[in-house]
Amino acid sequence: MLSRPLRFVVAGGLVAGALDITYACVFWAIKAGVPAQRIFQSVAAGLLGKDSFTGGWPTAILGLALHFFIATTMSVTYFLMARRVPILGLHPVPFGGAYGLLLYVIMNYLVVPLSNAPHGGAKDPLWVGLSIAVHMVLIGMPIALFTRRALQDAG
């Protein structure tokens with residue numbers, strides 16, 4: 001059983017993960033007719049490489065699980081930082097937005113290049129611009145808002 005504060009931290013990761021993956025699926029479905037299964041497989045490609053795209057739904061499910069694991073880890077990380085730096089929990093909107101921007105940079109310039117995912121990535125300017133905004137508003141801010149609630153409950 002998770003403590004009440006930890007439930008808020010996990011919920012923050014799940015909400016941020018859901019918003020992020022929904023954005024990716026909707027964007028690429030509209031832009032290029034890419035099915036959700038392929039989006040999920042692209043996450044699994046970070047672990048499995050190009051073989052992810054021939055694995056069907058098993059690799060898609062793996063990718064979705066990895067995606068939510070990463071988002072929840074991002075939420076736990078913010079919570080742990082906010083326990084040491086209280087201002088992060090007191091002002092979740094600006095610091096959550098900044099955290100989202102930091103996450104965008106880390107994921108796109110460190111994690112993905114070091115992974116097994118095919119390199120090159122999406123260079124579409126609309127994708128890049130929206131992805132930055134999504135990381136700030138739909139990932140960083142929900143994580144910070146749920147962290148604030150977790151910190152309030154932790155007393």
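Two exercises on side-chain contacts follow, each with a worked solution.

The model is predicted: local features need pLDDT of at least 70, side-chain atom pairs count only at pLDDT 80 or more, and totals for chains, interfaces and linings use all residues. Residues are numbered from 1 along each chain as its sequence is written, and side-chain values use heavy atoms, with hydrogens and water left out.

**Exercise 1.** Find which residues Asp 153 meets in salt bridges.

*Solution.* 
- Step 1. Apply the rule: a side-chain nitrogen of Lys or Arg within 4 Å of a carboxyl oxygen of Asp or Glu.
- Step 2. Arg 4 passes, with its closest N and O atoms 2.4 Å from each other.
- Step 3. Asp 153 is in helix H6 (residues 125–154) and Arg 4 in helix H1 (residues 4–32), so the bridge ties together parts 149 residues apart in sequence. Helices are DSSP runs (H or I, at least four residues), numbered from the N terminus.
- Step 4. Arg 149 passes too, at 3.4 Å, N to O.
- Step 5. Join them: Arg 4, Arg 149 and Asp 153 form a salt-bridge network.

**Exercise 2.** Classify the aromatic pair of Tyr 78 and Tyr 99, and state whether both are buried or exposed.

*Solution.* 
- Step 1. Rings of Phe, Tyr and Trp (its six-membered ring) pair if their centres lie within 6.5 Å; planes under 30 degrees apart are stacked, over 60 edge-to-face, the rest tilted.
- Step 2. The centres are 4.9 Å apart and the planes make 55°, giving a tilted pair.
- Step 3. Check burial: under 20% relative accessible area is buried, over 50% exposed, in between partly exposed (1.4 Å probe, protein chains only). Both Tyr 78 and Tyr 99 are buried.

Methods: Helices (H or I, at least four residues) and strands (E, at least two) are DSSP runs, numbered from the N terminus.
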